[in-house]
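Let's learn to read a structure together, one feature at a time.

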Amino acid sequence: SIKRWVRACFLGWLLGVILVLLLSSFLDFIGIENLQFYLGTGMGAGIGFAQWHQLRKYLKVNTYWILASIFGMTLPFLIVDQLSFGTYEQKLPVCIALGGLVVGLLQYLLLKPNLKGSQLWIAGSVISWILGSSMVFLVNYTKQLNHDLFNNLILALINLILILSGGVVIGLVSGAITKRLLLKNLN
């Protein structure tokens with residue numbers, strides 16, 4: 001069901017956030033700074049694992065699904081980390097969109113033998129990653145809120161909800177596509 005898929009993606013997103021924090025701390029500890037590839041690695045691992053865990057119940061997908069998600073989200077970040085254009089805020093949406101595309105293409109190759117019409121997954125991957133991460137970008141706008149009306153605790157809660165809702169959004173978008181593909185192949 002979409003409800004289980006959304007819950008899995010939410011938990012995968014949460015896992016991704018934890019992995020990003022752990023990777024960031026480790027990289028800082030060993031002296032690697034000013035790179036963002038670990039964002040793609042952590043979030044790709046969390047979401048990839050959650051999706052694989054759900055899909056394996058219905059399709060013959062192996063752990064390459066997780067690797068495709070990790071590699072697909074990490075690669076654009078690694079490339080953009082080496083380029084000197086723009087600011088972090090400008091690079092991040094580019095990395096996410098390209099990551100969603102690479103993940104979608106790689107996962108499509110895994111779905112293709114099992115599902116007719118699986119090319120739809122490519123667009124779904126791009127859209128779900130862009131919309132899911134857009135929820136995190138909204139945190140930038142909570143800084144604009146009148147601090148007289150909202151104390152810092154309420155702002156922190158709003159920001160936490162926005163950050164965590166990324167997984168829900170990814171789950172809703174990719175879940176709708178997954179359900180459509182599975183239903184289409186049952187007929």
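Q: Which helix gives the nonpolar patch its largest share?
A: In general, patches gather residues with over 30% relative accessible area and no salt bridge (a Lys or Arg side-chain nitrogen within 4 Å of an Asp or Glu carboxyl oxygen). Like charges are joined within 9 Å, and nonpolar side chains (Val, Leu, Ile, Met, Phe, Trp, Tyr) within 5 Å. Here, α4 brings the largest share, four residues. The patch covers about 550 Å² and is made by I79, L83, F85, V94, L98, L101 and L105. Areas come from the Shrake-Rupley method with a 1.4 Å probe, and for residues only the protein chains shown count as cover. Helices (H or I, at least four residues) and strands (E, at least two) are DSSP runs, numbered from the N terminus.

Q: What should I know about the model itself before going on?
A: This is a predicted model, where local features need pLDDT of at least 70, side-chain atom pairs count only at pLDDT 80 or more, and totals for chains, interfaces and linings use all residues. Residues are numbered from 1 along each chain as its sequence is written, and side-chain values use heavy atoms, leaving out hydrogens and water.

Q: Is L83 buried, partly exposed or exposed?
A: Buried means under 20% relative accessible area, exposed means over 50%, and partly exposed lies in between (1.4 Å probe, protein chains only). L83 has 42%, so this residue is partly exposed. You will find L83 in the loop between α3 (64–82) and α4. For contrast, K116 is exposed at 55%, in the loop between α4 (88–111) and α5 (120–137).

Q: Which residues touch the most other members of the largest nonpolar core?
A: A nonpolar core is a set of buried Ala, Val, Leu, Ile, Met, Phe, Trp, Tyr and Cys residues joined through side-chain atoms within 4.5 Å. The largest one has 30 residues, and V61, W65, F77, L111, W121 and W129 touch the most other members. The largest share of this core, six residues, comes from α2.

Q: What does F77 contact, beyond its neighbours within four places in sequence?
A: Contact means heavy atoms within 4.5 Å. F77 is in contact with Q36, F37, L39, G40, L92, C95 and I96, once those neighbours are set aside.

Q: How many disulfides does the structure hold?
A: A disulfide is a covalent bond between the sulfur atoms of two cysteines. The cut-off used is a pair of cysteine sulfur atoms within 2.5 Å. This structure holds zero disulfides. As for its cysteines, C9 is buried at 0%, and C95 is buried at 3%.
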